[in-house]
Amino acid sequence: MKTLLLLLLTSLLHASPLSLHVATTGDDSANGSQTSPFATLERARDEIRRLKKSSPASLKNGAIVSIHGGIHERHETFLLEAQDSGSPTAPIIYQSPPKESAHLFSGKKISPNSWQALSKKAAARVHPKTKSKLLYQLDYAALGIENSDRLAKSEQSAGATESFVLFVNGKRQRLAQWPNHNEKITPKNDPGWATPNGTRDNESFYFDTGGKPTNGDHTNELDLDGTQRAKRWKQRMDSGHDLWLRGHWRTTWSPRLSLVREINLDQKWLKLTKVPPGGMGSKYSKNFTSYDGKTYRSGSGTERYYALNLLEEIDQPGEYAIDFQDRKVYFYPTDDLKNLQITLVDSAKPIIKATKTDHLSFDHLTFQGGLGTGLIFDHCKHLAIRGCLIDAIGENGIVINGGSHHLIQSNDLKEIGHSGITLNKIGDRKNLTPGNSVITNNHIHHTGQLHLDTGGIRVNEVIGLTISHNLIHHTPSRAYEHRNDNNVIFEYNEIHNCALQTSDTGATYGYGEWHTYGNIFRYNFIHHNKRANGFYCDDGDSGDFHYYNIIHQCIDALKFGGGHDNIGEHNLLIQNSQQRIDDRGISRNYRLGTRYEDRLRAFKPLEEPWKSYGQKLQKEHRLSTQLWTDVLNPEWQPEHPNGSRFVNNVTVESNNWRGPNKGTVLIENNVEVGPINTVGFRDYPKMDLRTQNSIILSKFPNLNTIFPKIGLRKDPYRTSIPSRESVGGLENFGE
């Protein structure tokens, strides 16, 4: 009996992973036990490396590195390499123990005593409606700050700031801007944006009379509030301080951060230092004006911009500005400085970077701060990120390049400068080898805070990926962007309030060509999305299949822009402007002999495995197109949107179907019910769209069982679900 018990205990001991501990009170000269923890992740990593060589049996069942609660300051990237890999039966796991919260934070603490009252010189520049005694200044010159020379490295930047960031109690503060982010300065303006009054030339615009805006609006928005803003800005520049504007100078989807060269108070114009790409004034403007013997676009007068990082515009608690000339930070605190934990985040390095590291997991950790990307994984396999919070990151939250068998599950990503999750080159598209990866049950919101043309999830050159049960909302542009992908299943996701800062996009946005077939969008709920389309297949993106989705209050619920074989079937469409298939491929030259043909032929579609792949797609999705011979046949006219269809959808106040002028498409058997108050939704104001309406159920039979399954769900890594109301999912923002 004793022998049996001993064998059992030995077996249980050997079945347990190696356990190491890291704590803020630890010591790297300790042994890494729970009672004698290490101080750093590097020490735990190196201990695992040592044991792999000296005692490999101790790692037979892998290792768990428990990172205990508290703020673990990170000033360098935690690097993992191939030698830090686990195995299928012995993974390496970095985790926060149950009921503890470990924060891996990149920043420098600032003592309350470091702040001073404003100098007389600075106080004279304060906004006329703000009491200067409420602001404080910090001399950052002696703090060793690296990113402290300029707001952006180039006079024309792709919308991103590159300076350090101020955090208070773990939350990123706002750079002062005009208009304020929540300010609607005229009834016609979007919150947080001003508009010019027509362009003067390719690098300057009028802010009062003098221009020729198409909309005829000459309101001097700069000086509308009586604070002599134009004069104050000129005085700022005359004293050597820079002035930056972020603007949609040319397009509605790609803002630029631009340095101002000159303000002319007599003729009421403002000039940038460098011409924006393509010039100034909407690319769609048909009005032109002459200046210095040259012709320029007049602009519509609806192009948008705002000023950023001005002491002169600090007028709300929580705002700050960096003075790069005087080497000062000016701050309007929300409370007594003694009650605030203030940190400057300066590092552009990722918090975690792993290269060729397999069978690796990060669970229940918080990653916060940093100007760069939070977590980067290059050419890893069997990576898992579960139950983590990724917050206030300057670039992307998570980036995975290459590899396969990745799992991103039940994480919260918010206040991200760029995209929440980015996947590149997962799987092998040429050989149709799937990446076998999953992005599921993540809550992604308030992304794209510094790059306004980004959003929640972005994938490129991916095959064999499932994206399910995610909640994505409050993005400046699209929630999900996919390019050059195949066989991605996008299902059971909920999306609302996209395109809050840009336009001409969709909640899901596909940009591809004739080789992007096989992506399935089903059982998704897109709602309160009046500034964007629902599903948007742009510029020839082809072979996207949309089944059994609920699309509410979008511009175009389904918008197919010039590609082939895009399908919308059995969807429930509520209060959208329209549904559209267009033939833009004719005017934009999506033809044989262009990159469209070249990119498709690069996959050798008439040979295996792509030959059989085309036959499989044709059969499963009842395509009228013979893949791939039709697409490569000039008589088939592949510049037309051939093979696309809208069939068997049901609409509620959305019965506006638009087809192309040319092309073989099918729009039939779509049924309208309504008006909305007669449909019989269980609780329309609360967005419970289950119903006993027989017409709806004839087109979408499983609506009542599918609908409750959409969005976030509880699992071992997500123990609670926010209500739709609590995350702003019952109203449209940014209208």
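1. In this predicted model, His469 sits in the loop that joins strand 38 (457-468) to strand 39 (471-473). His469 counts as buried, with a relative accessibility of 7%. Beyond its neighbours within four places in sequence, His469 is in contact with Thr440, Asn441 and Asn442, with Glu491, Tyr492 and Asn493, and with Lys709, Gly711, Leu712 and Arg713.

2. Asn441 is not a glycine, yet its phi is positive, at about 65 degrees. Asn441 lies in the loop between strand 36 (437-440) and strand 37 (443-445). Its relative accessible area is 1%, so Asn441 is buried.

3. Asn589 also has a positive phi without being a glycine, here near 70 degrees. Asn589 is placed in the loop between helix 5 (584-587) and helix 6. Asn589 counts as partly exposed, at 37% relative accessibility.

4. The bond from Glu608 to Pro609 is cis, with omega near 5 degrees, and Pro609 is in the loop between helix 6 (595-601) and helix 7 (610-620). The bond from Gly674 to Pro675 is cis as well, with omega near 10 degrees. Pro675 belongs to the loop between strand 56 (671-673) and strand 57 (681-683).

5. On cysteines: the structure holds 0 disulfides.

6. Asn533 is in strand 45 (residues 533-538) and counts as buried, with 3% relative accessibility. The C-alpha atom of Asn533 is 8.8 Å from that of Asn576, although the two residues are 43 apart along the chain.

7. As for the fold overall, the protein chain has 9 helices and 58 strands. Its radius of gyration is 28 Å, close to the 27 Å that the globule rule gives for 735 residues, so the chain is as compact as a globular protein of that length. Along the principal axes, the C-alpha atoms fill a box of roughly 95 × 75 × 50 Å.

8. Of the 735 residues in the protein chain, 59% are buried. Among contacts between residues at least 6 apart in sequence, 65% join residues at least 24 apart.

9. The surface and the charges complete the note. The accessible surface of the protein chain comes to about 29,300 Å², and carbon and sulfur atoms account for 49% of that area. The chain carries 87 positive and 81 negative charges, and the mean positions of the two sets are 1 Å apart.

Terms used: Residues are numbered from 1 along each chain as its sequence is written. This is a predicted model: local features need pLDDT of at least 70, side-chain atom pairs count only at pLDDT 80 or more; totals for chains, interfaces and linings use all residues. Side-chain values use heavy atoms; hydrogens and water are left out. Helices (H or I, at least four residues) and strands (E, at least two) are DSSP runs, numbered from the N terminus. The radius of gyration is taken over C-alpha atoms; the globule rule is 2.2 Å times the number of residues to the power 0.38. Buried means under 20% relative accessible area, exposed over 50%, partly exposed in between (1.4 Å probe, protein chains only). Contact means heavy atoms within 4.5 Å. Accessible areas come from the Shrake-Rupley method with a 1.4 Å probe; for residues, only the protein chains shown count as cover. Lys and Arg count as positive and Asp and Glu as negative; His and the chain ends are not counted. The place of a charge is taken as NZ of Lys, CZ of Arg, CG of Asp or CD of Glu. A disulfide is a pair of cysteine sulfur atoms within 2.5 Å.
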